[in-house]
Amino acid sequence: MSEAIRIEHLVRRFHDLVAVDDVSFDVHAGEVFGFLGPNGAGKSTTIRILTGFLPATSGRAEIFGHDVARDSLAARRLIGYLPENVPLPLDARVDEYLEFRARLKGVATRERGGRRDKVVAQCGLETMRRRILGQLSRGYRQRVGLADALIADPPLLVLDEPTGGLDPGQRQEVLDLVGRLKGERTVLFSSHVLAEVEQISSRVAIIQHGRLLAVGSKQELEEAEGRQGQVAVSAGPDSSALLAWLDGHGHLAEIAGEGVVHVRLPAEGRPAGLLAELVAAGLPVDRFEPLTRSLHEIFLELTRTPVPASAVAANGSSA
């Protein structure tokens with residue numbers, strides 16, 4: 001599988017603060033990849049390095065094989081970037097601005113009108129085309145920034161908190177748009193809203209204190225954090241008979257509530273096999289449910305270590 005983004009041992013220092021600390025991960029071409037972390041974790045710093053706005057202290061980052069430091073122009077031509085705070089010329093009109101950005105990004109003259117019309121429709125800006133940017137709400141300015149990111153039809157979109165400042169309906173519209181791009185282009189989607197990332201991302205990376213804590217699909221993260229391979233079992237209001245049978249057959253189990261027991265399966269065990277054994281033993285099983293963890297639970301487990309006070313003082317804002 002080809003890689004749209006490859007990051008190897010990336011480090012960025014600001015004097016005594018290590019904002020990005022030996023981070024490595026890949027983003028596959030065509031996937032929507034979620035980049036998660038609390039405020040100050042290093043997400044935006046990593047994104048600024050990827051997009052050529054900030055040099056790395058050490059390490060390497062590539063966009064479709066182009067080194068972002070040594071071949072910056074070629075790498076940046078492949079990226080549509082939406083920063084967390086969209087810088088816009090407030091005295092320009094929406095159409096004028098998008099025309100200017102298309103020209104700046106090298107879109108051919110004969111294609112500009114069509115590209116502009118397409119992104120205006122995609123981003124729900126039809127009624128705002130003649131409006132001055134300074135008169136738009138934060139939500140509509142965010143949409144203009146997304147239209148700008150799309151207008152040159154790049155194979156990679158890098159979106160840093162793209163739903164910030166949007167109302168719930170607008171948030172869902174942006175998520176639906178990003179979801180439709182899956183397979184058509186690659187999307188790196190930075191957010192601290194876990195439900196959004198879980199809704200549209202095929203894989204995620206979780207960062208904290210500048211260090212990568214985990215990367216993979218939700219299932220892979222579940223397996224790494226130890227919840228995969230557990231089932232919740234109830235065999236009536238009194239769990240003593242169930243516990244005795246489980247203990248006698250070498251199963252690790254713990255009481256999770258009235259009558260409910262959580263059972264860890266052996267490495268090669270399957271839920272269906274355990275259920276068949278319980279029924280064959282004559283236990284009155286009235287609940288048998290494989291356990292999963294939400295991305296929210298996994299994220300909280302991984303990031304529950306508090307941010308050091310020295311790092312907060314040195315950083316002063318989200319990274």
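D95, E99, R112, R116, D117 and R129 are linked in one network of salt bridges, a salt bridge being a side-chain nitrogen of Lys or Arg within 4 Å of a carboxyl oxygen of Asp or Glu. The model is a predicted one, in which local features need pLDDT of at least 70 and side-chain atom pairs count only at pLDDT 80 or more, while totals for chains, interfaces and linings use all residues. Residues are numbered from 1 along each chain as its sequence is written, and side-chain values use heavy atoms, with hydrogens and water left out.

Side chains of opposite charge can pair when their charged atoms come close. E99 forms a salt bridge with R112, where the closest N and O atoms are 3.8 Å apart. This pair links distant parts of the chain, with E99 in helix α3 (residues 94-104) and R112 in helix α4 (residues 109-122), 13 residues apart; helices here are DSSP runs of H or I with at least four residues, strands are runs of E with at least two, and both are numbered from the N terminus. E99 also meets R116 in a salt bridge between their side chains, at 2.8 Å from N to O. That pair likewise links distant parts of the chain, E99 lying in helix α3 and R116 in helix α4, 17 residues apart.

How accessible are these residues? E99 counts as partly exposed because its relative accessibility is 23%, given that buried means under 20% relative accessible area, exposed means over 50%, and partly exposed lies in between, with a 1.4 Å probe and protein chains only. R112 is buried, with a relative accessible area of 13%, and R116 is buried as well, at 18%.

Another salt bridge brings together the side chains of R143 and E173, at 3.0 Å from N to O. This pair too links distant parts of the chain, since R143 is in helix α5 (residues 138-150) and E173 is in helix α6 (residues 168-180), 30 residues apart. R143 is buried, with a relative accessible area of 9%, whereas E173 is partly exposed, with a relative accessible area of 45%.

Beyond helix α6, the loop between α6 and β8 (186-191) contains R185, which is buried, with a relative accessible area of 6%. The side chain of R185 is joined to the side chain of D153 by a polar contact of 2.9 Å, where a polar contact is a pair of N or O atoms within 3.5 Å; within protein, one atom must be able to donate a hydrogen and the other to accept it, and residues adjacent in sequence count only if both atoms are side-chain atoms. R185 makes a further polar contact, side chain to side chain, with E184 at 2.9 Å. Setting aside residues up to four places away in sequence, R185 touches G30, E31, L150, D153, P154, P155 and L157, contact meaning heavy atoms within 4.5 Å.

Two packed helices are described by the angle between their axes and the distance between the axes. The axes of helix α9 (residues 240-248) and helix α10 (residues 271-280) come within 12 Å and cross at roughly 120°, the axes being lines fitted to C-alpha atoms, for helices over the stretch in contact, with angles that run from 0 to 180 degrees between N-to-C directions. That angle makes α9 oblique to α10, because angles under 35 degrees count as roughly parallel, over 145 as roughly antiparallel, 65 to 115 as roughly perpendicular and the rest as oblique. The contact is made by L242, W245 and L246 of α9 together with L274, E277 and L278 of α10.

In helix α11 (residues 295-302) lies L295, which is buried, with a relative accessible area of 3%. L295 and V197 are 98 residues apart in sequence and 8.8 Å apart in space, C-alpha to C-alpha. Neighbours within four places in sequence aside, L295 is in contact with residues that include L36, V204 and L221.

Finally, the backbone deserves a look at H9, which has a positive phi of about 50° although it is not a glycine. H9 is found in strand β1 (residues 3-14) and is exposed, with a relative accessible area of 52%.
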